[in-house]
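Have a look at the structure, then read on.

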Amino acid sequence: MSESSRPFSYRVSLAVLALALTLSLGAGSASGASHEIRLAADIVEGPSGSDPQYLAILGDYVYFNAGTPETGFELWRSNGRGAELVSDLEPGKEDSFPSAVTSAGGWIYFSAHTSAFGRELWRTNGTTTVMVKDIKPGNDGSFPNGFVAVGPDVYFQANDGTTGIEPWKTDGTTTSLLMDISPGAGSSGPIWRTPLGSKLVFVATSPAAGEELWVTDGTTTTMIQDINPGAASSGPSELTVMGDRVYFGAHTAADGEEPWSTDGVTATQLLDISPGAPSSEPGSFELHDGKLLFAAENPTFGQEVWQTDGTSTSLVQDFVPGPEGSDPRSLLSLSSGLYLSMETAAAGDEPYRFDGTAFQPLGDLLPGEDSSGPTDFFGIGSTPFFRAFSRDTGTEFRTVEGSQAELVTDLLPGEDSSGFIDYAAEGDLAFISADDGTHGMELFQIRPSDRTVTVRLLTSRVKLNRKGSGPVRLSCPATEETGPCSGTGAISTRVKRKKIALGRFRFKLDAGETSVFRIRVSKAKRRALKRSAKARKASIVLQIGDANGNHATIRRKLKVSP
């Protein structure tokens, strides 16, 4: 599918460039929020939708799996202005159904199915798409998954048909099995992979030790520690890096599931938060302001937020006093604070911000004891976003303005909730797959609210032909987010202090488009221009609007030559 915007190039004289005008005027978005949600690509026109999923950002593009009646489900990409098919690996209507789409080492790695090779490992840079390796020869496929970049290498799990599901690595050229941790056809099923310096720490299952913590440098792969000795598993989970250690939850028979850390050589329990065999079930680990914050349960305090610097571990605050707990979830660290969901008997489950001292409510979005259920937290720069429910809008994306949560866009207007599948956020880019009730499930982008409309006047002198027609050249900048720029232009002058309208025209320009529009001046007015040099010094007024409801007026001097 072609891009929705049309790039342009042109040359104008230095004199005209000197008079080129850019106007920007504010006009608040419908919600008043700093950001809004805009359709990035309508891949399947109409209400059916292309169902984008497995989103991953590389450079200025988001890559994803989407389906059309013509191509089936294949790999696409978008820069927010339309979308293009990257590759039709299974030609025609059949699906290659890319999954586990991951940005790593300047490439997009993904798993895809073809009738010739089954589901195997592929990669693309947006221009070239190649199969990295046919790990399981034939058309059964190795089902690669869980891609993680460590330096120049990408680690993942795959099944070659002989060793079961085991850890593998590739640099895009050479692909190899790291270790058959569960020997033979049995699988170690590596999960919870995270880089630690130049190494990869992950969880895998062996017959002798059960599910435990492992480490590899790409050459040597070893178990770090049998935390729960023997064949019973400690089940490490939620591996999170702080400094030169990985923090996680793990289970032992004596202490239940508690917080631990490892330097890649040995593992240490931080604290038995819930004393004895009961578990504190630590989770939602998030590095914030030099400490690791997480949710954990204690018989006295219930489930609350705890913190550790790696040496000392303590309760942050007993937010709901007593054993009931506030059930904190979805911790998100940004420079503007730590954002999370917490629950109280009075307000239900609502959004909060931790400023380093206390937890501040961001609004009771569903007033009373009912819950708005904030979820899917992510950030763009220092701005948080999450989905939450209200009776007026259903479940939609929210952000935080000052000390209050605000609606970003009521994507599906009214009480119903917009559909939602997936999102990807990196740096200043954020894309979601959502259903607004008009386009079906399609790709949308969360961007700063468009509160301006811009246009450039590239004409300083209008030369009329014998029929009284003259050109006016206008440009709608490629940065105009909610084009087209459209409106009217009117040129007038004064003859003996009396205002004379010379001509009017309408214009409509897509973002990035430059075009010439024409005015027509009557014979009588042309005669007046010929008689008076002062009359040829005219003015133009451009009334401009865009699709987002922004409006502006341009007034500029120019010359009209009969």
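In this predicted model, the second largest pocket is lined by Glu297, Gly302, Gln303, Val320, Pro323, Glu324, Gly325, Ser326, Asp327, Glu343, Thr344 and Ala345. Two elements, β24 (302-308) and β27 (337-344), each give two or more residues to that lining. The pocket holds about 150 Å³ of space. By class, its lining splits into three nonpolar, five polar and four charged residues. Here Ala, Val, Leu, Ile, Met, Phe, Trp, Tyr, Cys and Pro count as nonpolar, Asp, Glu, Lys and Arg as charged, and the others, Gly among them, as polar.

A word on how such spaces are found: on a 1 Å grid over the protein atoms alone, a cavity is a set of points where a 1.4 Å probe fits but cannot get out, while a pocket is an open set with protein on both sides within 12 Å along at least five of seven lines; lining residues have an atom within 4 Å of a point. Points are joined across faces, edges and corners, and the volume is the space filled by probe spheres set on them.

The elements β11 (153-159), β12 (165-170) and β15 (199-206) give two or more residues each. This lining comes out as eight nonpolar, no polar and one charged.

Now back to β24, which also sits in an open sheet of four strands, ordered β22-β23-β24-β25 with antiparallel pairing. Its edge strands, pairing on one side only, are β22 (283-288) and β25 (313-317). On average, neighbouring strands are turned by 35° against each other, direction ignored (axes are lines fitted to C-alpha atoms, for helices over the stretch in contact, and angles run from 0 to 180 degrees between N-to-C directions). β22 pairs with β23 (residues 291-298) over four bridges, in the antiparallel sense; pairing takes at least two DSSP bridges between two strands. Histidine 288 has lysine 291 of β23 as its bridge partner.

Two residues elsewhere are worth a side-by-side look.

| Residue | Strand | Relative accessible area |
|---|---|---|
| Valine 86 | β5 (residues 83-87) | 16% |
| Threonine 488 | β40 (residues 485-495) | 17% |

Why does valine 86 count as buried? Its relative accessible area is 16%, and buried means under 20%, exposed over 50% and partly exposed in between (1.4 Å probe, protein chains only). Leaving aside neighbours within four places in sequence, valine 86 is in contact (heavy atoms within 4.5 Å) with Tyr63, Leu75, Trp76, Arg77, Thr124, Gly126 and Thr129. Threonine 488 is also buried and touches Arg504, Phe505, Arg506, Phe507, Val541, Leu542 and Gln543, again not counting residues up to four places away.

Zooming out, the protein has two helices and 44 strands, taken as DSSP runs numbered from the N terminus (helices H or I, at least four residues; strands E, at least two). Of its 562 residues, 50% count as buried. The C-alpha atoms fill a box of roughly 105 × 60 × 40 Å along the principal axes.

Residues are numbered from 1 along each chain as its sequence is written, and side-chain values use heavy atoms, with hydrogens and water left out. Local features need pLDDT of at least 70 and side-chain atom pairs count only at pLDDT 80 or more, whereas totals for chains, interfaces and linings use all residues.
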